[in-house]
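Subject: Structure handover

Hello,

Here is the structure for your work, with the sequence. My notes come after it.

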Amino acid sequence: MSGRLQSKTALITGAGSGIGLESSLLFAQEGANVLLADINLAAVEKATALVQQRFPNIKALAVKADVGKEADIKAAVDLAVSEFGRLDVMFNNAGIMHPEDDNALNTEERIWDLTMQINLKGVWWGCKYAILAMRQNPVDEARGLHTGGSIINTASFVAIMGAATPQLAYTASKGGVLAMTRELAMVHAREGIRINSLCPGPLKTPLLMDFLNTPEKRDRRLVHLPMGRFGEAVELAKAALFLASDESSYMTGTDFKVDGGLTSAYVTPL
Ligand code: NAD
């Protein structure tokens, strides 16, 4: 049976956990060869072993890469192209939410800079090297589809809404991802390269749950969630799969929200 990403290749950053891990599994299930990149080598090797175990016909490789370093991203893209022959999907998903990120008065410059380095510059570099690689892909005339490539950049609902529980650098970095993605999508629209943002709502992954480490902190958020629950990483992976596949062939430059209705909410159900 032909999968939704059959014969495609994908590079996923932050693949050792959460959205990146679930997306690696789902992309492989749908037929893509996958390069899993993460700063945490042990985590990404474990994730890759899981992909290989579940989908033995798929090529899955692990690479240690810090998206805050341009050379690491270039090396990862080069590896994907040399191992798989081409790059079809780049999922710039890795991100951090630093525990010392706070409001305008308390956030230290080093926290701001580190957050921007990983969350915003890392996405820029991921786009840069993916675009260069995707420009080498032939357009699929037979199917009448532009299959130059799909780039997905993980932003966040906080790029759209204000929160009185501040993480200023994180919020600003994700706003930058949305704005940058829109502009890149326009610049490269006629090259057959689609570039979209994915805006998750609050999820039950280590990134958020390590931070919301008391029932009080979790309840402070849960009251605002229309569905009354945090999202699951796999629910974002399904959205990433749609953006990665040709099913979203007429979508570029969008802020694709997968947030349980959060950004549409005023008063939520009791
Ligand atoms: P997670 O913590 O489960 O996974 C993040 C992965 O990124 C980890 O494996 C980590 O090792 C890796 N990573 C961290 N810094 C890196 C770096 N410099 N280079 C390469 N890899 C690095 O988090 P998640 O919830 O799956 O988050 C994935 C993305 O979704 C992030 O960009 C995050 O900001 C965004 N997001 C998450 C939520 C949420 O509630 N969890 C909400 C909105 C947006």
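The notes below cover the ligand and its surroundings, then the salt bridges. Please keep in mind that this is a predicted model.

Ligand site

There are 29 residues around the ligand, and S17, D38, Y170, L203 and T205 come nearest. The shell holds 15 nonpolar, 11 polar and 3 charged residues. Helices α1 (18-29), α5 (168-187) and α6 (206-209) each supply at least two of the shell residues, with the largest share, 3 residues, coming from α6.

A polar side-chain atom of D38 lies 2.6 Å from one, a backbone N or O atom of L203 lies 2.7 Å from one, and a polar backbone atom of N93 is 2.8 Å from one. On its own the ligand has 830 Å² of accessible area, of which the protein covers 92%.

Salt bridges

The count is 11 salt bridges. One of them pairs D246 with K8 at 3.3 Å, N to O. This pair links distant parts of the chain, 238 residues apart: D246 is in the loop between α8 (233-244) and β7 (255-258), and K8 is in the segment before β1 (9-13). K8 counts as buried because its relative accessibility is 10%, under the 20% cut-off.

D78 and K74 also form a salt bridge, with the closest N and O atoms 2.9 Å apart. Both sit in helix α3 (residues 70-84), 4 residues apart, so about one helical turn separates them. D78 is partly exposed at 39% relative accessibility, and K74 is partly exposed at 36%.

Regards

Note on methods: Residues numbered from 1 in each chain as written. Predicted model: local features only at pLDDT ≥ 70, side-chain atom pairs only at ≥ 80, totals over all residues. Heavy atoms only, no water. Near = heavy atom within 4 Å. Polar contact = N/O pair within 3.5 Å; in protein donor to acceptor, adjacent residues only side chain to side chain. Areas by Shrake-Rupley, 256 points an atom, 1.4 Å probe, with all protein chains shown as cover. Nonpolar A, V, L, I, M, F, W, Y, C, P; charged D, E, K, R; others polar. Salt bridge = Lys/Arg side-chain N within 4 Å of Asp/Glu carboxyl O. Buried < 20%, exposed > 50% of the residue type's maximum accessible area, 1.4 Å probe, protein only.
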